[in-house]
Amino acid sequence: MSEVFGKIAQSLIAGKIDEVAIITKKALNSGSTAKDILNQGLMAGMGVVGQRFKANEIYMPEVFVSAKWMHIAMAILKPLLIETGLASVAKLVIGTVKGDLHDIGKNLVGMMFEGAGFDVVDIGINVEPQKFIDIIKEQEPDLLGISALLTTTMPNMGETIKAIKEAGIRDQIKILVGGPPLNVRFAKEIGADAYASNASTAVDKGKELLGL
Amino acid sequence: METLTPRKRTLMALNHQEPDRVPMDLGGGATTIQAKAYEELKKVIGFSKPTKCFTRYHVEPDSEILELLEVDTRYIRIKKPDSWQLIMNEDESYVDEWGILWEKPRDGLYWSMVSAPLKKGTIEELKQYKWPNAHDSGRVKGLREETLSLHKQSKYCIVADIPVAAGILDLCWFLRGLENFFVDLLLNPKYALKLIELVTEIQKELYTVYLKEIGDLIDVIVTGDDLGNQDSLLIGPDTYRKMIKPFQRDLINHIKNLTKAKLFFHSCGAIRKVIPDLIEIGVEILNPVQTTATGMNPMELKREFGQDLVFWGAIDTQRILPFGSPKEVEEHVCKRIVELGRGGGYVLAPCHNIQPGTPPQNILSLYKMGKQFNFK
């Protein structure tokens, strides 16, 4: 059986888009469960992708192609996963702060968390503090990711966390922040739980914060 | 040493000779100051002329302020085409002449691309697409006269700023969307190469129109392409070498057939792995030297590439310039000059546009220390 999952992971890592459907359906037909394909095939593959990306062995194009592989496979698996009532590992809500329209890093982080089995709710760019609060109340995530590219929008992260505290929901979530001008000291100053310097590290930090 | 003009000083540094002090720059597309930061600086200096911007909030610094700071460079820029006008919507969004939609958050400081026009990703779509007209004469109206006037003074180093919105890789993903284009590079290379070729051809035409007017009058010509982010290249070295580098080489060769000016290449980010490639295709000046990016240690860069490259920039605009004290800025300037300036080969400049919120005193300290420091 592990050979089947190994083949799935290898195909995902190599980004062989033309074989996604065949390989995934073959695995299902030969008795593998959707859950095992997801955990031992797809997530294992994306885990390797994440580590290689962190080590600068592969770059964004390769990551996007592997993420595309995973999406196509998930479209086949999702109905079966829902049928068996399978919960995801945890839920992440992610957005770029108010005043900032940049999303490349945020999108990459979202892909990596999906690859790690998280349910990811991406609320987009230029997100007002109140919208973060409303979505947290609606989605009840375990983890909140906040992104900023600019030194001039970084302060809005602090405003967002302050607003979350004032709304009385700070204790419900762990907060992870990221973006090029940030560092550990800044994250601490604004009351975040952790800072991640890149998309792969974000998943490691996120899992660590949630004790996974 | 004779008293050097700003131009002679800069040319010495560009030719890897050590001048009386490091030449200094302010005012390029990637080395200017944002409008709000400029307003604050003007207040402190006591200067009240209205601020002029050459694009969005990028300031065209006043000559009085450039004189005060003792900046050695002066910029000329291509004009707007007659056949296209910037029409700003009520929400301050606009579509540029490449068809890309830019938006700015209300009360925000910067515009960003929010919609890529090449949705289908087909060669047919490329054939049908309305590309910019490089040969619009509005682009060079009055440009030669303006440049001649600067050239005749023979006082400043004349830098011809980039005549196109962005680089080759930049424009391809602006037009097609980042994820789409990066996937196209691997899964649909025939399409990707067609797009890259089309963008390169338009860039070559723009440089032709520009340099036919002023190529004989300038000292530096700017080109560029953002190849890196804070900790890595955007696309891997293999993909870059296969898909983008040949076209950058073609463009640079084309530029060098039109002018003897030094070739200035701008790329943000962690680009160490492809610096040898840039040298190979003819880059002579590297900007901005983002030393906070992974692998961009200035001492190592000088040691490894200093014989072949001039470093232009390197003053940190992510942490020290906006958030440090004036003393920290001065120390930072000294450190960079020691690391990069021995034997020439360095032009001091902020390593991107000076951001709003940067204390005016820090900006003044940057140029004051740059002027004062020398190796003797």
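Visitor: How many salt bridges does the rule find across the interface of chain A and chain B?

Guide: A salt bridge is counted when a side-chain nitrogen of Lys or Arg lies within 4 Å of a carboxyl oxygen of Asp or Glu. Across the interface of chain A and chain B, the rule finds zero of them. Please note that this is a predicted model, in which local features need pLDDT of at least 70, side-chain atom pairs count only at pLDDT 80 or more, and totals for chains, interfaces and linings use all residues. Side-chain values use heavy atoms, with hydrogens and water left out; residues are numbered from 1 along each chain as its sequence is written, while chains are lettered from A and ligands numbered from 1 in the order in which they are written.

Visitor: How many residues does the contact take from chain A and from chain B?

Guide: Contact means heavy atoms within 4.5 Å. Chain A contributes 28 residues and chain B contributes 32 residues.

Visitor: How many residue pairs are in polar contact across the interface, and which elements of chain A give two or more residues to the side that touches chain B?

Guide: A polar contact is a pair of N or O atoms within 3.5 Å; within protein, one must be able to donate a hydrogen and the other to accept it, and residues adjacent in sequence count only if both atoms are side-chain atoms. Three residue pairs meet this rule across the interface, both residues being at pLDDT 80 or more. On the side of chain A that touches chain B, α4 and α5 each give two or more residues; such helices (H or I, at least four residues) and strands (E, at least two) are DSSP runs, numbered from the N terminus. The largest share of that side, six residues, comes from α4(A). By class, the side holds 13 nonpolar, 11 polar and four charged residues, where Ala, Val, Leu, Ile, Met, Phe, Trp, Tyr, Cys and Pro count as nonpolar, Asp, Glu, Lys and Arg as charged, and the others, Gly among them, as polar.

Visitor: Where does the second largest pocket take its lining from?

Guide: Rolling a probe the size of a water molecule over the atoms shows where empty space is left. On a 1 Å grid over the protein atoms alone, a cavity is a set of points where a 1.4 Å probe fits but cannot get out, and a pocket is an open set with protein on both sides within 12 Å along at least five of seven lines; lining residues have an atom within 4 Å of a point. In chain A, α3 (34-54), α4 (60-83), α5 (104-115) and β2 (119-122) each supply at least two lining residues, and α4(A) gives the largest share, eight residues. The lining has 23 residues, and A:M74, A:K78, A:S88, A:G117 and A:F118 lie nearest the centre of the pocket.

Visitor: What is the volume of the largest cavity?

Guide: A volume is the space filled by probe spheres set on the grid points, which are joined across faces, edges and corners. For the largest cavity it is about 90 Å³. Of the 15 residues that line this cavity, B:E18, B:P19, B:R21, B:V22 and B:F375 lie nearest its centre. The second largest cavity has a volume of about 50 Å³, and α9(B) gives the most to its lining, with three residues.

Visitor: Which residue does B:E92 form a salt bridge with?

Guide: B:E92 pairs with B:K104, with the closest N and O atoms 3.1 Å apart. The two residues are 12 residues apart and link distant parts of the chain.

Visitor: Which residues does a cis peptide bond join?

Guide: Most residues other than glycine have a negative phi, and most peptide bonds are trans. Here a cis bond joins B:N287 and B:P288, with omega about 5°. A:N126, a residue other than glycine, has a positive phi near 55°.
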